[in-house]
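Please keep the sequence and the three-dimensional view at hand while reading.

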Amino acid sequence: MGWLDWLAKEAKNGNAEALAVLRSRRSGQFKGNQVSAKQGNDKPNGYFKDGFIKDDCVESISKIGTVTYKAGSTTIRDDGKRLIVLPDTTQDALVDILQVAMKKYGSHLAIKGTESFRLEIAEVAAQNKMRVTFDDKRLEQYRQQLMKQHAFSRTQSAGQKQSVTSTTRRSL
């Protein structure tokens, strides 16, 4: 077994030092879609113990320290600083990712990636009434606007149901 394989095995067994060594080998900044904490807001809990994913959730650990684990039916990729979101991720998977991010980072998140990804995250958060805010002011305003639209449409549909019910009762 090579050194990196041994480190990955040790990290999967809960050795935080081995995971730190793997993650120190990363070079460059990840440019893809990602969910993370507002700077300095990393509060491990939920799936995590001492900043590390509980052993029974871990599927694999790469040679650069990216931990892959399941949340519901969704595979999560966590490089220690952010949750990496693959292109073409379903809305159901985005719900799972946001829930994990909230457990790991708290309710104030940083969303980075393509504009369509960022908007979709805000839409998913609003549709699912998630108690989350975003550090980007424009994205947060968009989420709030969507929340108001959803609340308005729920109020309208409730009013229509009441109107239909009272009309039906009168005709009986």
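Lys 129 counts as partly exposed, at 49% relative accessibility, in a model that is predicted. Exposed would require a value over 50%. Lys 129 is placed in the loop between helix H4 (115–127) and strand S9 (133–134). Although Lys 129 is not a glycine, its phi is positive, at about 50 degrees.

Asp 88 also has a positive phi, of about 60 degrees, and is not a glycine. This residue is found in the loop between S7 and helix H3 (91–105). With a relative accessible area of 81%, Asp 88 is exposed.

Arg 82 belongs to the loop between strand S6 (74–78) and strand S7 (83–85). Its relative accessible area is 8%, so Arg 82 is buried. The side chain of Arg 82 forms a polar contact, at 2.2 Å, with the side chain of Asp 79.

The structure contains 1 aromatic pair. The ring centres of Trp 3 and Trp 6 are 5.6 Å apart and the planes meet at 20 degrees, so the pair is stacked; the cut-off for stacking is under 30 degrees. Both Trp 3 and Trp 6 lie in helix H1 (residues 3–12), where they are 3 residues apart, about one turn of the helix.

The accessibility of the residues discussed is listed below.

| Residue | Relative accessible area | Class |
|---|---|---|
| Trp 3 | 56% | exposed |
| Trp 6 | 37% | partly exposed |
| Arg 82 | 8% | buried |
| Asp 88 | 81% | exposed |
| Lys 129 | 49% | partly exposed |

How values were computed:
Residues are numbered from 1 along each chain as its sequence is written. This is a predicted model: local features need pLDDT of at least 70, side-chain atom pairs count only at pLDDT 80 or more; totals for chains, interfaces and linings use all residues. Side-chain values use heavy atoms; hydrogens and water are left out. Rings of Phe, Tyr and Trp (its six-membered ring) pair if their centres lie within 6.5 Å; planes under 30 degrees apart count as stacked, over 60 as edge-to-face and the rest as tilted. Helices (H or I, at least four residues) and strands (E, at least two) are DSSP runs, numbered from the N terminus. Buried means under 20% relative accessible area, exposed over 50%, partly exposed in between (1.4 Å probe, protein chains only). A polar contact is a pair of N or O atoms within 3.5 Å; within protein, one must be able to donate a hydrogen and the other to accept it, and residues adjacent in sequence count only if both atoms are side-chain atoms.
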